[in-house]
Amino acid sequence: MVKIYKSLLPIGTVIKKKEDYRSEKIISILQEDFYNKCYLCEEKNPTAINVEHFRSCKNNDYLKYNWSNLFYACAHCNRIKGSQYDHIIDCTKDDPEKYIHIIFDSYPKHYVEVKGDRSYSIENSETCELLDKIYNGAGTAISEFEARNLKSKISEEIKEFTEYIEDYFNESDNKLRTLYWERIKKMLSRESSFAGFKRSIVMESKELMQCFGELLV
């Protein structure tokens, strides 16, 4: 998860029924605000899109149609989150990277470690638990298969990112180093697919923070 700067609902736009928040206009605004990524797993261009209610809205029309409660998510994450996690970190109001780092371990098998002080707050605890289920499976066959597919995509993204870092450090030509720098900068942007993983790699390393910390804006 990364910080999201959600826009205000355009003047004159009304959300009073399900068809409104599922309209092309609302989905397009959410898609742009959330960088066309699921706000939980950070997969870019998800094929199965859900307009998710951040806080569960059963029998609560205010939450059901409130703009601040509508988020952009993929079906995998929305299905696991359901109505069980009503106290996770709100990435539109707080920066999840202050509290949680997500680390991808590729050996001996793909596994995501969600690092955070779960005793710090209920928001930390629920967010860590939810992300663990999203990335590593939630105990059902479907969630396990989806998690494996997700981790394969994360692995490819991280492989490309670390190769650019190696190229940057090993290159002596200033023009090529500048090129690698720009590519690293783009991949560390919050708009990038699985940005939280790549940003955590930098945050976890003193050397990388010295070189690329300024890019974590």
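Helices (H or I, at least four residues) and strands (E, at least two) are DSSP runs, numbered from the N terminus. The model is predicted: local features need pLDDT of at least 70, side-chain atom pairs count only at pLDDT 80 or more, and totals for chains, interfaces and linings use all residues. Residues are numbered from 1 along each chain as its sequence is written, and side-chain values use heavy atoms, with hydrogens and water left out.

**View A. Ala73 in strand S2.**
Ala73 belongs to strand S2. Ala73 is in contact (heavy atoms within 4.5 Å) with Cys38, Tyr39, Ala48, Ile49, Asn50 and Glu52, leaving aside neighbours within four places in sequence. Ala73 and Leu40 are 33 residues apart along the chain, and their C-alpha atoms are separated by 6.9 Å.

**View B. The largest nonpolar core.**
A nonpolar core is a set of buried Ala, Val, Leu, Ile, Met, Phe, Trp, Tyr and Cys residues joined through side-chain atoms within 4.5 Å. The largest one has 44 residues, and those with the most contacts inside it are Tyr39, Leu40, Ile134, Tyr135 and Phe197. At least two residues of this core come from each of helix H2 (24-33), strand S2 (70-74), helix H4 (75-81), strand S3 (100-105), strand S4 (111-116), helix H5 (122-136), helix H6 (141-170) and helix H8 (195-203). Ile134 touches Leu40, Cys41, His76, Cys77, Ile80, Ala147 and Leu150, not counting residues up to four places away in sequence. Another core, of 14 residues, lies apart from the largest one and has Tyr164, Tyr180, Val202 and Leu215 among its members.

**View C. Aromatic pairs.**
The structure holds 14 aromatic pairs. Rings of Phe, Tyr and Trp (its six-membered ring) pair if their centres lie within 6.5 Å; planes under 30 degrees apart count as stacked, over 60 as edge-to-face and the rest as tilted. Phe54 and Phe71 make a stacked pair, at 4.6 Å centre to centre and with 15 degrees between the planes. Phe54 lies in the loop between strand S1 (49-53) and helix H3 (61-65), and Phe71 in strand S2, so this pair ties together parts that are 17 residues apart in sequence. Both Phe54 and Phe71 are buried. The ring centres of Tyr168 and Trp181 are 6.0 Å apart and the planes are at 45 degrees, so this pair is tilted. Tyr168 lies in helix H6 and Trp181 in helix H7 (residues 174-188), so the pair ties together parts that are 13 residues apart in sequence. Tyr168 and Trp181 are buried. One aromatic cluster is formed by Phe34, Tyr39, Phe54 and Phe71.

**View D. Charged ends over rings.**
A charge sits over a ring if NZ of Lys or CZ of Arg is within 6 Å of the ring centre and within 35 degrees of the ring normal. The charged end of Lys6 sits over the ring of Trp67, 4.4 Å from its centre. That of Arg148 sits over the ring of Phe145, 4.5 Å from its centre.

The expected span of a helix is 1.5 Å times one less than its number of residues. For the 15 residues of H7 this should be 21 Å, which agrees with end C-alpha atoms 21 Å apart. Tyr180, Trp181, Ile184, Met187 and Leu188 are the buried residues of H7. They cover an arc of only 125 degrees around the axis (the arc is that of the directions from the helix axis to the C-beta atoms), which puts them on the same side of H7. Lys175 and Lys186 are exposed on the other side of H7. The cover over the buried residues of H7 includes H6, H8 and helix H9 (206-212).

The buried residues of H2 are Ile26, Ile29, Leu30 and Asp33. Seen down the axis, these residues fall within an arc of 95 degrees, so they line one face of the helix. The face of H2 turned away from its buried side carries the exposed residues Glu24 and Glu32. Helix H1 (18-21), S1 and S2 are what the buried residues of H2 pack against. Just after H2, Tyr35 takes a positive phi of about 60 degrees.

How values were computed: Buried means under 20% relative accessible area, exposed over 50%, partly exposed in between (1.4 Å probe, protein chains only).
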